[in-house]
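Welcome! Shall we take a look together?

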Amino acid sequence: MSVVKINVLTVPEEQREVLEKRFASRAGAVEGSDGFEWFELLRPVEGTDQYLVYTRWRSEADFQAWMEGPMKAAHQHGGEDAPKQKPAASGSTLWSFEVVQQAAPKQG
């Protein structure tokens, strides 16, 4: 079964719009990666300043290949002469899960 990676990002309120715009500007960047199955950026509604970045992968190996290739390149900000952007998140934790059960809407 698939693996799920949830990146928990602590984002101060004044940086929320910045974070969301950065993700929107990268739309389509992960979808072509081998083994990629799903992505969602989840905005907190109440009681927390943590966003959840949900990705689902065919295997741990597929996730690791993306981490070492396309994701790493995307976070290197284009080289030494490119302007450095302040991170929108003040903290990050990666949670890992294996999918053991799943359900989808019934077709009918």
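Helices here are DSSP runs of H or I with at least four residues, strands are DSSP runs of E with at least two, and both are numbered from the N terminus. Please keep in mind that this is a predicted model, in which local features need pLDDT of at least 70 and side-chain atom pairs count only at pLDDT 80 or more, while totals for chains, interfaces and linings use all residues. Residues are numbered from 1 along each chain as its sequence is written, and side-chain values use heavy atoms, with hydrogens and water left out.

Q: Which pattern does the protein chain follow when read along the sequence?
A: Let's start with the parts. The protein chain has two helices and four strands. Read along the sequence, they give the pattern β-α-β-β-α-β.

Q: What share of the residues in the protein chain is buried?
A: A residue is buried under 20% relative accessible area, exposed over 50% and partly exposed in between, using a 1.4 Å probe and protein chains only. The protein chain has 108 residues, and the buried ones make up 26%.

Q: What share of the accessible surface belongs to carbon and sulfur atoms?
A: Accessible areas come from the Shrake-Rupley method with a 1.4 Å probe, and for residues only the protein chains shown count as cover. For the protein chain the surface comes to about 7,800 Å². The part belonging to carbon and sulfur atoms is 53%.

Q: How many residues of strand β1 are buried?
A: Strand β1 spans residues 3–10 and is mostly covered. Of its eight residues, the number buried is seven.

Q: Which residue of β4 is the bridge partner of N7?
A: Two strands pair if DSSP finds at least two bridges between them. β1 is joined to strand β4 (residues 91–98) by eight bridges, and the two run antiparallel. Within β4, the partner of N7 is L94.

Q: Which residue meets K5 in a salt bridge?
A: A salt bridge is a side-chain nitrogen of Lys or Arg within 4 Å of a carboxyl oxygen of Asp or Glu, and the structure holds six of them. K5 is buried, with a relative accessible area of 4%. Its partner lies in helix α2 (residues 60–74), so the pair ties together parts that are 55 residues apart in sequence. At 2.8 Å, N to O, the side chain that meets K5 is that of E60.

Q: Why are E17 and K21 separated by about one helical turn?
A: E17 and K21 are both exposed, and they form a salt bridge whose closest N and O atoms are 2.9 Å apart. They are separated by about one helical turn because, in helix α1, their spacing is four residues.

Q: How far apart in sequence are the parts that R56 and E37 tie together?
A: The side chains of R56 and E37 meet in a salt bridge at 3.0 Å, N to O. R56 is buried, with a relative accessible area of 17%, whereas E37 is partly exposed at 33%. R56 lies in strand β3 and E37 in strand β2, so the parts they tie together are apart by 19 residues.

Q: Are the rings of F23 and F39 stacked or tilted?
A: Rings of Phe, Tyr and Trp (its six-membered ring) pair if their centres lie within 6.5 Å; planes under 30 degrees apart count as stacked, over 60 as edge-to-face and the rest as tilted. The structure holds five aromatic pairs. The centres of F23 and F39 are 6.0 Å apart and their planes are at 20°, so this pair is stacked.

Q: Which residue has its charged end over the ring of F23?
A: A charge sits over a ring if NZ of Lys or CZ of Arg is within 6 Å of the ring centre and within 35 degrees of the ring normal. F23 counts as partly exposed, at 22% relative accessibility. The charged end over its ring, 5.8 Å from the centre, belongs to R26.

Q: Which residues do ring pairs link into a cluster?
A: W57 and W66 are both buried. Their ring centres are 5.3 Å apart and their planes are at 35°, so the pair is tilted. The cluster linked by ring pairs consists of F36, W57, F63 and W66.
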